[in-house]
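Visitor: Could you walk me through this one while I have it open in the viewer?
Guide: Gladly; ask whatever comes to mind.

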Amino acid sequence: MSLRYAVIGSGLMGQEHIRFLNHMDDAEVTAVADPNPAMRETAATLAGAEAFADHRALLGADLADAVIIASPNHTHHDVLLDVMATDLPVLIEKPLCATVDDARAIARHANDRKAPVWVAMEYRYMPAIARLIDEVQDGRIGKLKMLSIREHRFPFLEKVGHWNRFARTSGGTLVEKCCHFFDLMRLIVQAEPTRIYASGAQDVNHLDERIDGETPDMIDNAYVIVDFENGVRSMLDLCMFAEASRDQEEIAAIGDLGKIECGIPSSSVIIGERQKVERMGVALPLHRETVEVDPALLDLGHHNGATFFQHERFRQMILEGGEPEVNVEDGLRAVIMGAAAERSLRDRMPIDL
Ligand SMILES: NC(=O)c1ccc[n+]([C@@H]2O[C@H](COP(=O)([O-])OP(=O)(O)OC[C@H]3O[C@@H](n4cnc5c(N)ncnc54)[C@H](O)[C@@H]3O)[C@@H](O)[C@H]2O)c1
């Protein structure tokens, strides 16, 4: 059965959604909404869709079976409330909202709603990361004890209206960018965090920029340590002036029986099992592989093909029923963790959750 999608917010990420939906069988983007005329026209042409300057006019036109929201973080609360007043399934880009208060307000409304709200967390669907998650959950490394996530990347790109230059519109770096990694931590650890400690600052990026006379306030490097209620400890190592790196993301999970690592974009997975190691100085028999990703998917977006796999699952939920794999509660908890980490680094104190 063919599904009709509406895309609200048609900048970088909205257009990535459109390219992937264009690529899918039985999917059609029929409407786009964006107040920015240039983005709106580009996206409408890309999709062959009807264009609206306001998302409420789009919702009133009754052109879609599902809605994708990819507007800036600080608009998510208001746009999502309007979409939640319909009975359409919705995929909302991360973070659920820019503030914990807004995310909690959405969570309260979501309880009264029948149609699903899915929070887009593309990192879950990157093939090498999905493989690591499966291996940990299948017990390959025994009982998980430590999880580290490193992102060493380029500075924030320029966005329409500069919304990603200020914490008040983005939520701050550890919400805007790192909600992905806090979501991954909860998923892989299978427990809730109890304590967060962060050390970080804005040391290099955007310091010489002036936007309406103001200097951006987004931190560009941090270490964040997270303790979980089941005793697992996790760490995020973020640097946004480190594009001269082998991989952009590196994840390592260590259990009592072994260790599994993965890298993006190399899509590499390395597994080491302790019982196979001869104690004194014999080379480790590590299992190494590259998880193949269709090159056509790599060309369509920035997320290692993940946007496509996420759309396949979103579509399956719409057609066959079932719950979102990433629900509003998951989205809220990722925002809470990011906001706590932002507070921890500013107050130089650990935060108990
Ligand atoms: N999941 C990911 O990995 C990922 C990657 C990039 C962006 N994102 C998320 O996607 C969202 C959009 O980011 P982007 O990079 O595309 O930003 P962008 O600035 O490139 O695009 C945002 C677009 O939304 C439009 N817009 C502003 N207010 C609007 C409103 N009220 N209704 C509709 N459209 C509105 C802007 O005019 C702009 O065209 C953000 O929430 C961001 O965090 C997620």
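**Salt bridges, helices and a surface patch**

Guide: Let me begin with Arg-313, which has a relative accessibility of 38% and therefore counts as partly exposed. Please keep in mind that this is a predicted model.

Visitor: OK, which residue does the side chain of Arg-313 meet in a salt bridge?
Guide: The partner is Glu-325, with an N to O distance of 2.9 Å. The pair links distant parts of the chain, since Arg-313 sits in helix 11 (306-320) while Glu-325 is in the loop between helix 11 and helix 12, 12 residues apart.

Visitor: Are Asp-330 and Arg-186 buried or exposed?
Guide: Both Asp-330 and Arg-186 are buried.

Visitor: What about Arg-246, what does it pair with?
Guide: Arg-246 forms a salt bridge with Glu-250, and the closest N and O atoms of the two are 2.4 Å apart. Arg-246 itself counts as exposed, because its relative accessibility is 73%, and the cut-off for exposed is over 50%.

Visitor: Which residues are linked in a network of salt bridges?
Guide: That network links Arg-131, Glu-135, Arg-140, Glu-273 and Glu-289.

Visitor: Switching to helix packing: at what angle do helix 6 and helix 9 pack?
Guide: Helix 6 (residues 127-137) and helix 9 (residues 179-189) pack at about 30°, and their axes are 9 Å apart. That makes the two helices roughly parallel, because angles under 35 degrees count as such.

Visitor: Which residues meet there?
Guide: From helix 6, the residues are Ile-129, Leu-132, Ile-133, Val-136 and Gln-137, and they meet Leu-184, Leu-187 and Ile-188 in helix 9.

Visitor: Last topic: which residues form the nonpolar patch on the surface?
Guide: Leu-12, Phe-154 and Leu-157 form that patch, and together they have about 230 Å² of accessible area.

Visitor: Where does Phe-154 lie?
Guide: Phe-154 is in the loop between strand 7 (144-152) and helix 7 (167-170). With a relative accessibility of 30%, Phe-154 counts as partly exposed.

Definitions and conventions
Residues numbered from 1 in each chain as written. Predicted model: local features only at pLDDT ≥ 70, side-chain atom pairs only at ≥ 80, totals over all residues. Heavy atoms only, no water. Patch = residues over 30% accessible without salt bridge, like charges linked within 9 Å, V, L, I, M, F, W, Y side chains within 5 Å. Areas by Shrake-Rupley, 256 points an atom, 1.4 Å probe, with all protein chains shown as cover. Salt bridge = Lys/Arg side-chain N within 4 Å of Asp/Glu carboxyl O. Helix = DSSP H or I, 4+ residues; strand = E, 2+ residues; numbered from the N terminus. Buried < 20%, exposed > 50% of the residue type's maximum accessible area, 1.4 Å probe, protein only. Axes fitted to C-alpha atoms, helices over the stretch in contact; angles between N-to-C directions. Parallel < 35°, antiparallel > 145°, perpendicular 65-115°, else oblique. Contact = heavy atoms within 4.5 Å.
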